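Hi,

Here's the structure I promised to pass on.

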Amino acid sequence: MARISLDNPQYFLNRDTSWLAFNRRVLEEAEDEGNPLLERLKFLSISASNMDEFFEVRIAGMMQQIEDGYNEAGPDGHTLTAKRDLLNQLTHEFVDDQYDCWNARLRPALAENGIRVLGLEELDPEALRFVNEYCEKELDPLLTPVTVDPAHPFPRVINKALCLGFLLRRRRRSSLTYTGVVSVPRALPRLVPLPSEGTADFIFLADLVAHHAVRMYHGYDIVAAAPFRVTRNSNLYLAEEEARSLLESVRTELHNRRKGDAVRLEIEADADPEIIDRLRSVFEIDAWQVFPVNGPVNLSRLFNIYEQVRRPDLKYRPFTARELRLTSKSKDLFEELRQHDILLHHPYDSYDAVVSFIEAAAEDENVLSIKQTLYRTSEHSLIVPSLIDAASRKEVTAVVELKARFDEASNIRWARDLEDAGVQVFHGLVGLKTHCKLSLLVRRDPDGVTRSYAHIGTGNYNATTARIYTDLSLLTANPEVTRAVHDVFSFLTAYAENPSYEPLLVAPLDLAEKCIALIEREAEHARQGRVAHIVAKMNALLDKNIVQALYRASQAGVEIDLIVRGICALRPGVRGVSDHIRVRSIVGRFLEHSRIYYFANGGEEEVYIGSADWMPRNLYERVEALVPLRDELLRERVKREILDAYLADNRKARLLLKDATYIRAWQPVHGKRNRRPPTGAAAFSAQDFLISLAEGKAPAVLPAPVPARRRKVTVGKER
């Protein structure tokens, strides 16, 4: 038989259709009646926000490439124009399904539970009086109606701003129609609470603007009106090598982002065709970029209902994260770390321990210096003020990534505040984003010895997202690890390259090469008949070299379990290529964000955690770090408590089939009769289990995951 070429496009899934499949899994959570109702509404809102970013980054970048004359095929064989045509169909179908979820499922269910989103025609006299008064006192002072004519050009509509378009006719010149535009004020809530008893009632602000339009356009008849929203290209195009100041370059580009080329027009489905034609002309977009929607423009604003309605019975049960407890022999965290490493699993383990690690360093007079990377941090960060406070008493260095997408503005503010306080602020390396999550403290301990302490994480230094993202934190005083972290900081601040960063794997220097070597080592174990198993958990799997290495390992007999939340370019279950590979995605209460890489290694197990997904941008375009867990107890915890729980999940897990579709873990393969989801003791959710574990309520026995299978294979051959 002919040897299999692993360059064959049929072995690679398209990254953008794979991403849409992920967003569909988010939408499925909105449709799942097993979730609390307001949480379902939040999932719908998240799916809409995800789609915004998809258009302003991925679709925008694709269109820019096509416009620049590029049309190369990717690993999956799709050219850019072919992908554009495919995404045209899939995105329109997806938006239709989002609005079907809202109109047919969520809105009626909310009404049944006393939460109503009303139209003007549904208002009672009292609510109508409130609306008129609200329009006069709150809305009207913020509105600027525009009638487009030679003296009044079409206003500059900023990215994702909700507007209303009008067809207007002067009463004295009835034969002419004009375009009217009003921007809906961002200072007001998109959903306005209405006075009511026994129910929580809302009305969309856009409806109030339309209602008030008659008073704004005196002397005109309003022929037609429609709310609309434009999504613009939000990519930053920086010439870093030519920039005198990266900070000023990013600041300038942020201003330009608001005015980028239009890539999508959302508009009410029953809008007058003349309004659509005029807007298409203004924004210079094609017909496929127009998305008529059967409901409110911008479903992400439905999140306001989730925030405003106090109905705990319609939300997830709150839980209290497990606090870090020091052993009885330890007086403080630093003494504890001199005895052993600490592993935290957020949000089940409180993030306060990480904040305390940095706060204690800022306050401790024995800490001589602090080095910190910042990629995304919260608006009300406790970590940044600690660094600012420490700067007057010790050496403080911060590497702030200004190009963290959609957090650029807040990072610029933090960078300036840090600089003003005397912190040495760096912005990483030209052409590379700083994505690693590292903190390094140097301390003169009570015994007179100067030691280093490090935090290495899989998630950002953001206490807000740490409550809803799953991530891992390693706190360590291991001299080899802290020395390597120090060398990474030298790389970030001075571009000083070391021959080795062991025991860390560091991108873009050696991480890709060493990950492939670890996979190939596992393949050799399989060929020698030793235990060979890979379990890798990440946000996305896209790198062609990694995918091909996994295919080769599968051909050698390695059992491979991939837990990939989002994009996955690998096609599992292909005979002779990926028979031994299983891919699952878990979408649930928390955003799965941790990156974990487990290798059975012939019985000498190794586990790595860190900031890098197996994507080209992480491996070659960013500074990333993976760290091995050297403590056997920590390795055991990650494998038996965390990874095994994800592999046992039959409630929130979806399995990727070789035809690129996903099914629920409890569903049979195509062609068999559907079953109901498991209930009672048979149902197992990894996230629910980990919550129970943190609360001390977990079952004594974790359900066994699907066992790693052993098969005899013919290496590199079709069977």
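Start with Asp 32 and Arg 664: their side chains meet in a salt bridge, with 3.7 Å from N to O. Keep in mind that this is a predicted model, so treat it as such.

Where does that pair sit in the bigger picture? The chain is split into domain 1 (9–314), domain 2 (333–503) and domain 3 (506–667 + 681–695). That puts Asp 32 in domain 1 and Arg 664 in domain 3. Between domain 1 and domain 3 the count comes to 6 salt bridges. There are also 12 residue pairs in polar contact between these two domains, counting pairs with both residues at pLDDT 80 or more.

On the domain 1 side, look for helix H1, residues 15–31: with 9 residues, helix H1 gives the most to the side that touches domain 3. Sorted by type, the residues on that side of domain 1 are 9 nonpolar, 3 polar and 5 charged.

Now for the contact as a whole. The centres of domain 1 and domain 3, taken over C-alpha atoms, are 36 Å apart. In contact are 17 residues of domain 1 and 27 residues of domain 3. Together the two domains bury about 1900 Å² between them, and 59% of that is on carbon and sulfur atoms.

Methods: Residues numbered from 1 in each chain as written. Predicted model: local features only at pLDDT ≥ 70, side-chain atom pairs only at ≥ 80, totals over all residues. Heavy atoms only, no water. Domains from an automatic or database assignment. Contact = heavy atoms within 4.5 Å. Buried area = accessible area lost by both parts, 1.4 Å probe. Salt bridge = Lys/Arg side-chain N within 4 Å of Asp/Glu carboxyl O. Polar contact = N/O pair within 3.5 Å; in protein donor to acceptor, adjacent residues only side chain to side chain. Helix = DSSP H or I, 4+ residues; strand = E, 2+ residues; numbered from the N terminus. Nonpolar A, V, L, I, M, F, W, Y, C, P; charged D, E, K, R; others polar.
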